[in-house]
Amino acid sequence: MYRISPFTPLFFNMSSDTSSYPSRYVQIFSPSDQIMVQVIAQYESRKITGKIINVNTGTETDINWSVWSLNSHDTVYYYVITSLPEGYYVVDINGIESDVFRITSDESVLKNTTLIQYSMKDNKSRQDGVFWISDNQFFFDWRAPGGFMDDDWSFGVSNEQYTDSDYNVSEIYSREFTYKSFTLGNSLGCPIWYADLLNRILSCTYVYFDGERYIRMESSVPEVNKVIDSRRSYVFKQALTFVDVVDNSESDNIMKIRRVDDSTFRKVSNRLLTV
């Protein structure tokens with residue numbers, strides 16, 4: 001059998017809910033985004049085929065899979081979609097089509113999205129996604145509508161104080177925390193599977209929102225904040241904690257999530273490219 005990894009940032013399982021109209025939001029990527037598509041096969045004899053279809057022109061481009069054996073019976077087929085011309089596309093894997101997604105370099109559109117990049121420290125934690133292939137770490141890129149709003153900041157502290165006999169108070173230790181809620185969805189909302197993917201992504205070791213690392217706040221999950229009238233479209237809130245880490249592994253991660261090829265890197269300040 002085979003399965004499309006649920007960490008793939010495209011949606012292949014169409015909703016069977018017919019109680020209302022679907023969301024009008026169309027998934028957006030930048031040409032420089034690295035859209036990792038993974039298929040994990042186990043004891044599978046059938047050929048894994050894939051193609052990228054331009055919805056406007058009908059042009060089909062076959063996917064030339066890279067293949068890596070996990071063990072004697074598990075194999076991962078993977079392909080990174082990047083540098084596509086602007087337009088609307090679907091991905092077909094063995095006859096199963098993804099939702100339509102749009103490739104655009106329009107900064108006025110991209111500024112309302114957040115690039116979320118995610119990976120694991122190894123391949124031991126999950127069997128439905130592969131993050132290390134031939135000793136090389138891979139990050140998935142998912143561009144989501146929404147971002148961080150100033151109204152969604154909150155603050156905390158972990159401290160211990162000492163009061164002496166004269167009621168003078170002194171601080172023994174103190175460490176401050178900043179919490180932020182990420183808003184997932186815009187005025188059009190987004191499909192329910194966006195929250196499902198975000199919740200899964202936050203199980204990863206490394207998660208970066210526009211280049212800054214966050215983890216979920218305690219056991220928080222995406223919560224519906226708004227429902228778009230008469231549509232299966234929602235706005236979610238997810239509580240996060242900023243991770244301030246300075247070490248060699250973190251520096252390596254920052255390079256990996258910015259790298260496009262051997263000479264091209266994404267800018268930190270915007271979502272386009274710099275050399």
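Here are a few friendly questions and answers about this predicted model.

User: What share of the contacts with a separation of 6 or more comes from residues 24 or more positions apart?
Analyst: Let's take burial along with it: of the 275 residues, 45% count as buried. For the contacts in question, residues 24 or more positions apart account for 69%.

User: Which side chain of opposite charge is nearest to K180, and how far away is it?
Analyst: K180 sits in strand β16, residues 169–184, and is buried. A salt bridge needs a side-chain nitrogen of Lys or Arg within 4 Å of a carboxyl oxygen of Asp or Glu, and K180 has none. The nearest side chain of opposite charge is E212, at 4.7 Å.

User: Which residue's side chain makes a polar contact with that of K180?
Analyst: Good follow-up! Leaving aside residues up to four places away in sequence, K180 touches F148, D152, W153, Y214, Q238, A239 and L240. The polar contact between side chains is 3.3 Å, and the partner of K180 is Y214.

User: Why can V100 be part of a nonpolar surface patch, and what is the patch's area?
Analyst: V100 lies in the loop between β10 (96–97) and β11 (101–103). Patch residues need over 30% relative accessible area, and V100 qualifies on that count because its value is 35%, partly exposed. Together with V26, V55 and Y88, V100 makes a nonpolar patch of about 270 Å².

Notes
Residues numbered from 1 in each chain as written. Predicted model: local features only at pLDDT ≥ 70, side-chain atom pairs only at ≥ 80, totals over all residues. Heavy atoms only, no water. Patch = residues over 30% accessible without salt bridge, like charges linked within 9 Å, V, L, I, M, F, W, Y side chains within 5 Å. Areas by Shrake-Rupley, 256 points an atom, 1.4 Å probe, with all protein chains shown as cover. Helix = DSSP H or I, 4+ residues; strand = E, 2+ residues; numbered from the N terminus. Buried < 20%, exposed > 50% of the residue type's maximum accessible area, 1.4 Å probe, protein only. Lys, Arg positive; Asp, Glu negative; His and termini not counted. Polar contact = N/O pair within 3.5 Å; in protein donor to acceptor, adjacent residues only side chain to side chain. Contact = heavy atoms within 4.5 Å.
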